Amino acid sequence: MIDLKELILAKDNLIPLLRKLKKEARLIAPVKNGYGDTFFTEISDLDTTVIDLDSQPQSSLKPFLLPQQETLAQYTIDKEEYTFTPPEKEQATIYFGVRSCDLTAVLYTDLIFSKPTRDSSYYARRNQSLIITLGCNNPFPNCFCEATESGPYLEYGYDLQLIDLGDCYFVSAGRRKGADILERWGYFFREVGEKDRKIRYQLFLESRGKFTRNVQVAHACRRLQQHPVPETIWEALSRRCYDCGGCAYVCPTCTCFSVDDMPLNKTQGLRLRSWDACTSSGFTRMAGGHNPVDRRQHALKRRFLHKLKDDLTLHGKVSCTGCGRCVDICFGGVDITTFIHLITAAEVP
Ligand code: SF4
Ligand code: SF4
């Protein structure tokens, strides 16, 4: 009997399989735009769109599962009584070609939006999603997922995980929805052989040896648990932060948001949720204009301590997935790897 948890998909069968899946769900995959930048994009036609599995997508799944701005509900006021109407039902969506770091970020976001109660808006989308990941055989220059235990391959969390073996993919099902695909479209697959397993393991070892950045995440976490961060480090970093919000916006695990009511007329309006960023000066500004946090000294404190210290204490895992996007985007050069380098190199007080 065929083991439905692991099968081999010939590369020639990938598009025919996606074509079948696309008949029943929206398909989102990495696509290079006209400027040469790769983003997760909805595929309308698989015959005319080339899926780009060679570049790191500049965006993660965050804009889809937690949109930059979304309507949580429409409200109506009648004699000072509010009635809320939630948005329409979400569409079934398949996310294909998702990297290990970005799936790890989705698992973290699942956790954040499940407590103290399940966020109905987030879970309406999440429950309709099916995620097919692609393990990384060639980590990108700024990646350090190995140091955050978020890759290059994953052991759980995906619906399906693909590993490129050259002329075929080693496909593993991690959840029921993924196993259903292997079962339903079994004629696209063949059984895994001993040689396939050996190649996969060899590629995994080679991938781990290809990381070019040595980011000492575990060392930094130990330091943060045991010693306060010297104020000089916060000051040095904050001086180089220009409050652009770029790092929080590209980061797949930054989930801060604000909620506003936008009146449409005297009796109706929209309750909106929009991304916010703890690095922004307005994040802690109070009514009347007073800001209890001195940005010049502490602009980045919440962001870095939240990811490397607080989440480790709360959830047993850091909430940086080593995707490297903040390294790419910060023109002040004060991304999380700079912070890790500074605290691991600093003298213990
Ligand atoms: S750390 Fe860099 S990317 Fe983030 S807000 Fe400051 S300048 Fe912008
Ligand atoms: S902090 Fe930087 S490297 Fe870590 S997950 Fe966020 S964007 Fe990626």
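Strands E11 and E12 run antiparallel and are joined by 7 bridges. They form a hairpin with 4 residues between them. The model is predicted: local features need pLDDT of at least 70, side-chain atom pairs count only at pLDDT 80 or more, and totals for chains, interfaces and linings use all residues. Residues are numbered from 1 along each chain as its sequence is written, while chains are lettered from A and ligands numbered from 1 in the order in which they are written. Helices (H or I, at least four residues) and strands (E, at least two) are DSSP runs, numbered from the N terminus.

**The four-strand sheet**

- E11 and E12 belong to an open sheet of 4 strands, in the order E5-E4-E12-E11. Its pairing is antiparallel. Two strands pair if DSSP finds at least two bridges between them.
- The edge strands are E5 (81–85) and E11 (257–263), and each pairs on one side only.
- Direction ignored, neighbouring strands of this sheet are turned by 25 degrees against each other on average.
- E4 (residues 69–78) and E12 (residues 268–275) run antiparallel, with 7 bridges between them.
- Opposite Gln74 stands Leu270 in E12. Opposite Glu70 stands Arg273, also in E12.
- Asp260 stands opposite Leu272 in E12.
- In a regular strand the side chains alternate between the two faces of the sheet.

**The eight-strand sheet**

- An open sheet of 8 strands has the order E3-E2-E6-E7-E8-E9-E1-E10 and mixed pairing.
- E3 and E10 (189–190) stand at the edges with a single partner strand each, so one side of each has no neighbour in the sheet.
- E2 (residues 26–32) and E6 (residues 93–99) run parallel, joined by 3 bridges. Ile28 has Tyr95 in E6 as its bridge partner.
- E2 and E3 (residues 38–42) run antiparallel, joined by 5 bridges. Ala29 stands opposite Thr41 in E3. Val31 has Phe39 in E3 as its bridge partner.
- The hairpin of E2 and E3 has 5 residues between the strands. There, Gly36 takes a positive phi near 85 degrees.
- Helix H5 (residues 176–184) lies across E1 (6–10), E7 (129–134), E8 (160–164), E9 (168–173) and E10. H5 runs at about 130 degrees to E9.

**Helix packing: H7 and H11**

- The axes of H7 (residues 217–226) and H11 (residues 301–315) come within 9 Å and cross at roughly 75 degrees. That makes H7 roughly perpendicular to H11.
- Axes are lines fitted to C-alpha atoms, for helices over the stretch in contact, and angles run from 0 to 180 degrees between N-to-C directions. Angles under 35 degrees count as roughly parallel, over 145 as roughly antiparallel, 65 to 115 as roughly perpendicular and the rest as oblique.
- Ala220, Cys221, Leu224 and Gln225 in H7 meet Leu308, Lys309 and Leu312 in H11. The residues of this contact divide into 5 nonpolar, 1 polar and 1 charged.
- Two residues are in contact if their C-beta atoms, placed from the backbone, lie within 7 Å.
- Ala, Val, Leu, Ile, Met, Phe, Trp, Tyr, Cys and Pro count as nonpolar, Asp, Glu, Lys and Arg as charged, and the others, Gly among them, as polar.

**Ligand shells**

- Ligand 1 is surrounded by 13 residues. The closest are Cys241, Cys244, Gly246, Cys247 and Cys330.
- The shell around ligand 1 divides into 8 nonpolar, 4 polar and 1 charged.
- Ligand 2 has 14 residues around it. Cys251, Cys320, Cys323, Arg325 and Cys326 come nearest.
- The shell around ligand 2 has 7 nonpolar, 4 polar and 3 charged residues.
- A residue is near a molecule or strand if its C-beta atom, placed from the backbone, lies within 6 Å of it.

- Cys101 is found in helix H3. Cys101 counts as buried because it has 29 C-beta neighbours inside 10 Å.
- A residue is buried if 20 or more other C-beta atoms lie within 10 Å of its own, exposed if 12 or fewer, and partly exposed in between; C-beta atoms are placed from the backbone.
- Cys101 and Cys145 are 44 residues apart in sequence and 6.3 Å apart in space, C-alpha to C-alpha.
- Leaving aside neighbours within four places in sequence, Cys101 is in contact with Cys145, Ser150, Gly151, Thr321, Gly322 and Cys323. Cys323 is also among the residues that come nearest to ligand 2.
- Pro116 lies in the loop between H3 (100–112) and H4 (120–126). Pro116 counts as exposed because it has 4 C-beta neighbours inside 10 Å.
- Pro116 and Ile233 are 117 residues apart in sequence and 34 Å apart in space, C-alpha to C-alpha.
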